Amino acid sequence: MPTFSDALRGSSHFLGHVEKWVIAFLVSLLVVFSLLQILLRNFFSTGVIWGDELLRHGVLWISFLGAARATVENKHIRIDILPRLMSVRGRFLVELVCSLFSCLVCLTLFWASWNFVQDERLAGDIAFASIPYWVLELVFPFSFTLMALRFGFNCIDGLHRGPEGIET
Amino acid sequence: MKALLSLLLALLALSGAPLFIVISAAALLCFYLLGVDLSIVIIEMYRLAANPLLIALLFFAFAGYVLAESNAGKRLVGLSTAILGCLPGGLAVVSLLSCAFFTALTGASGITIVALGGLLLPALQSEKYPDNFSLGLLTSSGSLGLLFPPSLPMIIYGVVVGASIPQLFLAGLLPGIFMVLLLSIYSMYKGVRGECRIIAFTFRELFMASQGAVWEILLPVVVFGGIYSGILALSEAAAITVFYVLVVALLINRDVKLRQMPAVVLKTVMMVGGIIIILGAALAFNSFLVDQQIPGRILDWIQTHVESKFVFLLILNVFLLMVGCVLDIYSALVIVAPLIVPIAQGYDINLLHLGVIFLTNLQIGYSTPPIGMNLFIASLRFEESILHLGVASLPFLGILLVALAIITFVPELSLFLVR
């Protein structure tokens, strides 16, 4: 099914652009806000009380979005000793198994984080500026979904291309 | 059953499944077998949001990537050549110093070899340094400088074990200088014996070079002046670093364009995200280990077999060297450090000294087979076989091992500045 695979790749390309700008925006926000806090504290002896909480959650969001992006570009930290010793066919199989396994783990993590967010929603605690904690914690189910989809896509794409399509 | 599952996970890890997946899977499995609700894994991961230091990691990494994108490397090499090029073996010493400085700023993510290797290798060859010497020097220098601030692995160690990061930076300073010094002496010896050419010193050259590099040279002064005078917290100093580097690169030197920024941000975030998600998974896995009192049990077991601190340190070094051979530095730190710290404290080893020992070992692991990252990156960059580079790095590894032994058994070297 070349059209299906192409459509997936096209939408993931579009998603990549959105991701890049969202991440760039979040990082600039973080830098500007940090500098503002330093100015306020040192020159006006004041500061935004919930500023630190905001910054720490900003880093969490950026990190998990970055990890989701790293999934597409194959930038995750890994040890790949065995595939180096294998034939093309063996490497193909091993990569397929690893992608499938990663997809399953991300699905489990999604499920766990979904339950976590539900519990937090029931608890209903407010983090800052009337934003409840569960909204901040949505980053977990969201990024694990993205990663599960991407690992799943790697599987489908690998099957579609076969052992010949493997990068050497 | 449990042994089979562990074996399966280890096999998947060696087959190239992302490490955060393998560690998360281990945590999920352990808690599942205990009958605990799996949201515990996410609750533990969410502790990441309680840590005020991760933002420093992000900011320092970003500043490093911006520097790597600019011509900072070239300028640094220019300045140190103007100062030290006239010594015997001068250019080799220049290579060591600029690699160390650059790695400190960018974290050992292979950027040093990519950014400086292509510049320094032809320079060394044209001054008649032997090929093997030059290749070994540049390969093993790709991780030199991990002990100098604002080293990202050092921040991770501080985050994981809860040590003061400014104090860690101080502790790493003398051991770091010591390693550079030993390697420099060897390089000068090779330079004299090989009758390599030296570069004439002129004040004109020095003036020109320092004009170019003055902003990069001032960066550590501004940032660490801020931290150690007590004006800035670490995360604030990191924010100032980003601001400083951006102003210098975009407005003063203008060697990075604003439209390159989103791509640079993305590169940074992928690296930092990759590290932090492993840290998150390790938080979950370690909470299981602590819950089962496993570090305590390992400590008891070791203490019944190993009595002296000396023998323990020896075993620790061999163990860490082996870890450094198979794991990259960040995963090694987040997985192994929480297990080792309580054991080391049982032997009365200072946390800061332990950090220096950890990083020195893992730095050496970067250049050792089978998966030393320096070897892979250098092999791509210089188009040489990994085996050849491994052999060329041997003398340098030997010197670093001597340095490691001294750093391990002379704690004063690490703790002198802290006290």
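Author: Contact means that heavy atoms lie within 4.5 Å of each other. In chain A, residues 24 or more positions apart account for 74% of the contacts with a separation of 6 or more, and in chain B residues 24 or more positions apart account for 80% of such contacts. This is a predicted model, in which local features need pLDDT of at least 70 and side-chain atom pairs count only at pLDDT 80 or more, while totals for chains, interfaces and linings use all residues. Residues are numbered from 1 along each chain as its sequence is written, chains are lettered from A and ligands numbered from 1 in the order in which they are written, and side-chain values use heavy atoms, with hydrogens and water left out.

Reader: What makes up the secondary structure of chain A?

Author: Chain A has 6 helices and 2 strands, where helices (H or I, at least four residues) and strands (E, at least two) are DSSP runs numbered from the N terminus. Read from the N terminus on, its elements follow the order α-α-α-α-β-β-α-α.

Reader: How do you know whether chain A is spread out or compact?

Author: The radius of gyration, taken over C-alpha atoms, is set against the globule rule, which is 2.2 Å times the number of residues to the power 0.38. For the 168 residues of chain A the rule gives 15 Å, and the value of 20 Å is well over that, so chain A is more spread out than a compact globule. Along the principal axes, its C-alpha trace spans about 65 × 35 × 35 Å.

Reader: Why is chain B described as it is by the globule rule?

Author: Chain B comes to 20 helices and 0 strands. Its radius of gyration is 22 Å, close to the 22 Å that the rule gives for 419 residues, and therefore chain B is as compact as a globular protein of that length. Taken along the principal axes, the C-alpha atoms of chain B fill a box of roughly 70 × 45 × 45 Å.

Reader: Why does Ser34(A) count as buried?

Author: Buried means under 20% relative accessible area, exposed means over 50%, and partly exposed is in between (1.4 Å probe, protein chains only). Ser34(A) has 6% relative accessibility, and so it counts as buried. This residue lies in helix α1 (residues 2-44) of chain A, and, leaving aside neighbours within four places in sequence, Ser34(A) is in contact with Leu55(A), Ile55(B), Phe59(B) and Ala239(B). Over the whole of chain A, 45% of the 168 residues count as buried, while buried residues make up 59% of the 419 residues in chain B.

Reader: What makes Pro150(B) buried, although the residue is found in a loop?

Author: Pro150(B) has 4% relative accessibility, and for that reason it counts as buried. The loop is the one between α8 (131-140) and α9 (152-161) of chain B. Apart from neighbours within four places in sequence, the residues in contact with Pro150(B) are Phe60(B), Ala104(B), Leu105(B), Ile155(B), Phe169(B) and Phe224(B).

Reader: Why is the pair of Tyr129(B) and Phe133(B) called stacked?

Author: Rings of Phe, Tyr and Trp (its six-membered ring) pair if their centres lie within 6.5 Å, and planes under 30 degrees apart count as stacked, over 60 as edge-to-face and the rest as tilted. By this rule there are 14 aromatic pairs over all chains. The ring centres of Tyr129(B) and Phe133(B) are 5.8 Å apart and their planes stand at 20°, so the pair is stacked. Tyr129(B), at 3% relative accessibility, counts as buried, and Phe133(B), with a relative accessible area of 5%, is buried as well.

Reader: How do you know that Phe312(B) and Tyr347(B) tie together parts apart in sequence?

Author: Phe312(B) and Tyr347(B) form a stacked pair, at 4.3 Å centre to centre with 10° between the planes. Phe312(B) lies in helix α15 (residues 309-326) of chain B and Tyr347(B) in the loop between α16 (329-346) and α17 (351-365) of chain B, so the pair ties together parts that are 35 residues apart in sequence.

Reader: Which residues touch the most other members of the largest nonpolar core?

Author: A nonpolar core is a set of buried Ala, Val, Leu, Ile, Met, Phe, Trp, Tyr and Cys residues joined through side-chain atoms within 4.5 Å. Of the 196 residues in the largest one, Tyr157(B) and Phe358(B) touch the most other members. Helix α13 (residues 261-291) of chain B gives the most to this core, with 18 residues.
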